[in-house]
Amino acid sequence: MKRLIYCLLFFPLFGFAQTYDLIPLTSGANTSLRGMSIVSDQVAWVSGSNGHIGKTTDGGKTWDWIKPAGYEKLDFRDIEAFDADKAVAVNAGSPAYILMTIDGGKTWKESYKNLDTAIFLDGMDFWNDQRGIVFGDPINNKMQLLRTIDGGASWNDISDNLQAKMGVGEAAFAASGSTIQTKGNGKVWIATGGKVSNIYYSSNFGSTWQIFECPILQGESSTGPFSMSFFDEDKGVVVGGNYLKDKENENNVLLTNNGGKTWTKPAKPVDGYRSGVTYISEKTLIAAGTSGIDVSSDGGKYWYNISGMNLNVVQKSKKGDLILLAGNKGQIYQLVITAK
């Protein structure tokens with residue numbers, strides 16, 4: 001497939017150059033992709049609207065498209081995969097479902113269902129192959145929290161563990177399933193936005209919580225953090241902004257060096273609203289959104305735009321180097337970074 005070379009960046013102050021090649025892998029499916037889980041350099045899963053779930057076992061060269069029977073109209077905003085056979089998917093909106101497959105997507109088990117008209121699940125992450133957590137928008141000012149200890153086969157409501165009530169107009173965004181992040185032995189961060197933006201942090205698998213202010217753009221229902229990534233238990237990044245004004249870049253990326261307790265602005269921000277961000281290494285980060293893609297090669301201090309392409313989510317392989325981005329109409333791209 002023809003390689004699309006979008007940009008060659010040269011940073012004279014730092015004395016190096018890198019190329020960023022966006023290689024198209026697939027497109028045309030009637031789905032807006034927002035969920036992504038890259039298991040290895042060969043195996044990756046994606047999920048999106050109109051009941052679509054995609055899987056590759058050859059590094060993105062070919063994709064199998066799956067629509068779980070009976071759930072064809074759902075918008076699967078997040079997916080967590082463990083190998084080529086097992087994956088867990090969660091949809092946004094009401095009714096809320098969590099589905100699990102252990103046979104590569106041939107069959108799916110409904111492991112959670114909620115018919116409350118107010119339910120809206122935003123994201124999911126796992127500490128290991130058994131322990132995971134899902135969060136959702138507040139009902140009666142209480143964040144919805146679910147936890148599994150059996151790999152997603154069953155879920156327990158732990159919403160009462162978070163005693164603090166959320167603020168008026170405070171919710172979260174399911175733009176890429178990445179406003180929740182787990183690390184290490186029980187650590188988890190959840191980013192909220194809208195009228196108020198906070199970071200909710202637990203060090204014990206969601207049993208108790210602390211709350212830190214997140215000083216990103218906020219105050220409207222369309223503003224706040226839309227994605228979060230942690231390199232380790234201290235160093236992290238949030239991106240977002242205002243999705244209704246996606247070319248504006250006022251206060252839409254922040255960095256932390258103390259586990260989310262405090263946040264600082266970079267010297268040069270991303271170019272606009274961003275709904276996905278991930279660490280490629282301690283120094284290299286990628287952010288994507290409807291108005292473009294940005295990279296940083298100095299830990300997030302300076303960001304440079306490499307493309308105006310409209311994409312929703314970006315991730316790096318858990319066990320390798322594969323970097324994928326996805327967006328509307330089933331578009332999936334591989335990003336190849338070459339140092340010179």
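Buried means under 20% relative accessible area, exposed over 50%, and partly exposed in between. The legends below describe close-up views of a predicted model.

**Figure 1. A salt bridge joins lysine 142 and aspartate 160.** Lysine 142 has a relative accessible area of 31% and is therefore partly exposed. Its salt-bridge partner is aspartate 160, with the closest N and O atoms 2.5 Å apart. The pair links distant parts of the chain, 18 residues apart: lysine 142 belongs to strand 13 (residues 142-148), whereas aspartate 160 sits in the loop between strand 14 (156-157) and strand 15 (170-171). Aspartate 160 is exposed, since its relative accessible area is 55%.

Figure 2. The structure holds 6 salt bridges. In one of them, the side chains of lysine 187 and glutamate 233 meet at 3.5 Å, N to O. Lysine 187 is placed in strand 17 (residues 187-191) and glutamate 233 in the loop between strand 21 (223-230) and strand 22 (236-242), so the pair ties together parts that are 46 residues apart in sequence. Glutamate 233 counts as partly exposed, because its relative accessibility is 34%. Another salt bridge connects arginine 77 to aspartate 75, where the closest N and O atoms are 2.8 Å apart. Arginine 77 is buried, because its relative accessible area is 18%.

Figure 3. Strand 13 and strand 14 are joined in the antiparallel sense over 2 bridges. Leucine 146 stands opposite aspartate 157, a residue in strand 14.

**Figure 4. Asparagine 140 has a positive phi.** The loop between strand 12 (132-139) and strand 13 contains asparagine 140. Although asparagine 140 is not a glycine, its phi is positive, at about 55 degrees. Most residues other than glycine have a negative phi. Asparagine 140 is exposed, because its relative accessible area is 67%.

**Figure 5. Phenylalanine 205 also has a positive phi.** For phenylalanine 205, which is not a glycine, phi is about 60 degrees. Phenylalanine 205 occupies the loop between strand 19 (198-202) and strand 20 (210-213). With a relative accessibility of 12%, phenylalanine 205 counts as buried.

**Figure 6. A cis peptide bond leads from serine 94 to proline 95.** The bond is cis, with omega near -5 degrees. Most peptide bonds are trans. Proline 95 is found in the loop between strand 8 (87-92) and strand 9 (96-101).

Figure 7. Strand 4 (residues 44-48) and strand 5 (residues 53-56) run antiparallel and are joined by 4 bridges. Alanine 44 has threonine 56 in strand 5 as its bridge partner.

**Figure 8. The largest pocket is lined by 39 residues****.** About 820 Å³ of space lies in this pocket. Among the lining residues, Asp125, Gln181, Gln315, Lys316 and Lys318 are the closest to its centre. The elements that give two or more residues to the lining are strand 3, strand 7 (75-81), strand 11 (121-126), strand 16 (180-183), strand 21, strand 24 and strand 28 (313-316).

**Figure 9. Threonine 284 and serine 297 are in contact****.** Threonine 284 lies in the loop between strand 24 (276-279) and strand 25 (285-289). Threonine 284 is buried, because its relative accessible area is 12%. Leaving aside neighbours within four places in sequence, threonine 284 is in contact with Thr278, Tyr279, Ser296, Ser297 and Ile337. Serine 297 is located in the loop between strand 26 (292-296) and strand 27 (304-307). Serine 297 is partly exposed, with a relative accessible area of 22%. A distance of 9.1 Å separates the C-alpha atoms of serine 297 and isoleucine 286, which are 11 residues apart along the chain.

Conventions: Residues are numbered from 1 along each chain as its sequence is written. This is a predicted model: local features need pLDDT of at least 70, side-chain atom pairs count only at pLDDT 80 or more; totals for chains, interfaces and linings use all residues. Side-chain values use heavy atoms; hydrogens and water are left out. Buried means under 20% relative accessible area, exposed over 50%, partly exposed in between (1.4 Å probe, protein chains only). Contact means heavy atoms within 4.5 Å. Two strands pair if DSSP finds at least two bridges between them. A salt bridge is a side-chain nitrogen of Lys or Arg within 4 Å of a carboxyl oxygen of Asp or Glu. On a 1 Å grid over the protein atoms alone, a cavity is a set of points where a 1.4 Å probe fits but cannot get out, and a pocket is an open set with protein on both sides within 12 Å along at least five of seven lines; lining residues have an atom within 4 Å of a point. Grid points are joined across faces, edges and corners, and a volume is the space filled by probe spheres set on the points.
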